[in-house]
Every structure is written in C-alpha cells, then in structure tokens.
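Hi everyone, thanks for making time this morning. Have a look at the screen, and then I'll walk you through it.

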Amino acid sequence: MEQNKTLTSRRGFIVVAMGHAIGIGNIWRFSRGVIANGGGAFMVAYFVALLIWSMPLIMAEEMLVGKTRKGTVEAFGHAAGESYTWVGG
C-alpha cells in the first residue's frame, strides 16, 4: 500500500518545522559548549568531516528521495536492492 508522503495540513507543517528548528538548535548548542570548554581543535575536525562526508551524503539522499518519490528507506531499497535498505534507516 503506497502512502502519500506530502504534508496535507498546517499542523503537520508546524510539527516538521519545529523538529527542524530543534535539531538545528542542538547543533549550535553543541558547538558552543565544545568551544567554551576548550575543544576548538575538535570543532575544526568536526567541520572538516561535515563538509567532506556529511554534506555530500545529505545531498545524495535528497536527490535519491526526490527522484524516487519514496521515503528514505524505500528509496535506498529501490536504488540498491532490498539488502541495502538499512542505509536509509
């Protein structure tokens, strides 16, 4: 059974926007806390890893999900076969 993956109500949009804002807030809070406690060198490595590894993976996931019009797990399963659905989870 195929489910519609679009937001159909204002309440759904608000919940998704709140989740995004809370996630971004945690990222900024973590960075501030690390730097305040003398972890500046860690933050350099963190941002290098973010730019080299995480951002390309996020962009690839968004393109794959957009192309298949499915959820993350279903999109990876469609692209790489059922044995790789764990990648999206």
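One definition before anything else: a residue is buried under 20% relative accessible area, exposed over 50%, and partly exposed in between, with a 1.4 Å probe and protein chains only. What you see is a predicted model, where local features need pLDDT of at least 70, side-chain atom pairs count only at pLDDT 80 or more, and totals for chains, interfaces and linings use all residues. Residues are numbered from 1 along each chain as its sequence is written, and side-chain values use heavy atoms, leaving out hydrogens and water.

Okay, the overall picture. The protein chain has 3 helices and 0 strands, where helices (H or I, at least four residues) and strands (E, at least two) are DSSP runs numbered from the N terminus. Of its 89 residues, 10% count as buried.

Let's start with H1, residues 10–36. Its 27 residues reach 39 Å from first C-alpha to last, close to the 39 Å expected; the expected span is 1.5 Å times one less than the number of residues. After H1 comes Gly38, with a positive phi near 85 degrees.

Next is H2, residues 40–68. Its 29 residues should span 42 Å, and the end C-alpha atoms are 40 Å apart, which agrees. H2 does have a kink of about 40 degrees, centred on Leu50; the bend at a residue is the angle between axes fitted to the seven residues ending there and the seven starting there. H2 is followed by Arg69, whose phi is also positive, near 55 degrees.

Is Glu62 buried or exposed? Glu62 sits in H2 and counts as exposed, because its relative accessibility is 54%. Its C-alpha is 9.9 Å from that of Ala75, 13 residues apart along the chain. Met55, also in H2, is partly exposed, because its relative accessible area is 37%.

Finally, the aromatics. Rings of Phe, Tyr and Trp (its six-membered ring) pair if their centres lie within 6.5 Å; planes under 30 degrees apart are stacked, over 60 edge-to-face, and the rest tilted. That rule gives 4 aromatic pairs, and ring pairs link Phe30, Phe42, Tyr46 and Phe47 into a cluster.
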